[in-house]
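Take a look at the sequence and the model below. The report that follows walks through the fold step by step.

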Amino acid sequence: HAWDQREIITYISTEPRLLRPLNYPSETPGQGMGFYQTQQGKRIIVIQVMCRLFMDALDDPFRALDDCLRRYPLREAADAIIVDVHGEASSEKAALAHMADGRVSLVVGSHSHVPTADSRIMPGGTGFQTDAGMCGPYDSVIGMKKGPATSRFITKMPTERLEPAEGEGTLCGVFVETNDQTGLTERISPVRVGGILRAARPV
């Protein structure tokens with residue numbers, strides 16, 4: 001939904017904290033990866049790719065990610081590399097994670113709005129969770145008010161404008177601890193705070 005508001009087109013070109021998928025056409029404004037630095041001087045690369053199963057037709061996310069990781073290898077280019085895999089199908093997210101295993105610190109999925117229960121460290125040392133979940137109220141239809149969103153499914157008509165749901169939200173995410181020497185994951189835990197989902201905090 002990055003392009004839903006036309007104002008973003010000029011803003012995304014100048015704001016380094018805002019990423020769009022790496023596998024968008026090269027002419028698209030913005031960037032698919034960002035270089036960041038912590039207060040302690042650690043170098044972090046964040047990459048976003050968008051999947052293709054049940055999604056818009058885009059360039060190959062596997063090739064785009066592989067090319068990027070060849071140019072910017074873990075430990076040489078950054079102390080940690082985080083990959084956001086934005087996609088509908090869990091199989092495609094898992095396949096991208098396996099391709100990147102041992103080459104990045106973390107692969108975490110987004111888009112389905114549901115935090116998955118499969119956070120783990122893969123054989124090569126990369127942390128992975130199929131979907132981090134959304135930050136927002138879960139007494140909703142993926143963050144939207146229940147009535148109008150449900151009505152659209154029943155009637156197939158956009159009878160009302162969808163609006164964000166109100167009420168207590170849940171913060172969802174993933175906590176990861178990496179190794180200073182390798183940049184790979186040593187510990188990964190889901191994070192769920194507030195709202196109606198069962199709480200989960202790293203020990």
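Predicted model: local features only at pLDDT ≥ 70, side-chain atom pairs only at ≥ 80, totals over all residues.

Which residue in β8 does G173 stand opposite? G173 stands opposite V191.

**The hairpin of β7 and β8**

Strand β7 covers residues 171–178, and strand β8 covers residues 185–193. The two pair in the antiparallel sense, over eight bridges. Six residues sit between the strands of this hairpin. One of the residues to look for here is G183, which takes a positive phi near 80 degrees.

**The whole protein**

Now step back. The protein has four helices and eight strands. Along the sequence they follow the pattern α-β-β-α-β-α-β-β-β-α-β-β. The C-alpha trace spans about 55 × 45 × 35 Å along its principal axes. A compact globule of 203 residues would have a radius of gyration near 17 Å; the protein has 18 Å, which agrees. Buried residues make up 41% of the 203 residues. Consider the contacts with a separation of 6 or more: residues 24 or more positions apart account for 50% of them.

Strands of a sheet pair through backbone hydrogen bonds, either parallel or antiparallel. Here, an open sheet of six strands has the order β1-β2-β3-β4-β6-β5, with mixed pairing. Why is one side of β1 and of β5 left without a neighbour in the sheet? Both stand at the edges, each with a single partner strand, so one side of each has no neighbour there.

β1 and β2 pair in the antiparallel sense over five bridges. In this pairing, Q37 stands opposite R43 in β2. Their hairpin has five residues between the strands, and G41 in the hairpin takes a positive phi near 90 degrees. Next comes the pairing of β2 with β3. These two run parallel, joined by seven bridges. Q48 has D84 in β3 as its bridge partner.

**The core**

The largest nonpolar core has 24 residues. Those with the most contacts inside it are I47, L65, I81, V83 and V107. Four elements each supply at least two residues of this core: β2 (43–50), α2 (61–71), β3 (80–86) and α3 (90–100).

What does L65 touch, leaving aside its neighbours within four places in sequence? L65 is in contact with L22, I47, V49, V83, L96, M99 and A100.

After α3 comes G102, whose phi is positive, near 85 degrees.

**The aromatic pair**

The structure holds one aromatic pair. The rings of F35 and Y72 have their centres 5.2 Å apart and their planes at 70 degrees, so the pair is edge-to-face. F35 lies in strand β1 (residues 33–37), while Y72 lies in the loop between α2 and β3, so the pair ties together parts that are 37 residues apart in sequence. Are these residues buried, exposed or partly exposed? F35 is partly exposed, with a relative accessible area of 49%. Y72 is also partly exposed, at 25%.

**The cysteines**

How many disulfides does a search of the whole structure find? The search finds zero. C51 is in no disulfide, and the nearest cysteine sulfur, that of C68, is 16 Å away. A disulfide needs two cysteine sulfur atoms within 2.5 Å, so a gap of 16 Å rules this pair out. C51 counts as buried, at 0% relative accessibility. C68 counts as buried too, at 0%.

| Residue | Relative accessible area | Class |
|---|---|---|
| F35 | 49% | partly exposed |
| Y72 | 25% | partly exposed |
| C51 | 0% | buried |
| C68 | 0% | buried |

Conventions
Residues numbered from 1 in each chain as written. Heavy atoms only, no water. Pairing = 2+ DSSP bridges. Core = buried A, V, L, I, M, F, W, Y, C linked by side-chain atoms within 4.5 Å. Buried < 20%, exposed > 50% of the residue type's maximum accessible area, 1.4 Å probe, protein only. Contact = heavy atoms within 4.5 Å. Phe/Tyr/Trp six-rings, centres within 6.5 Å; stacked < 30°, edge-to-face > 60°. Rg over C-alpha atoms; globule rule 2.2 N^0.38 Å.
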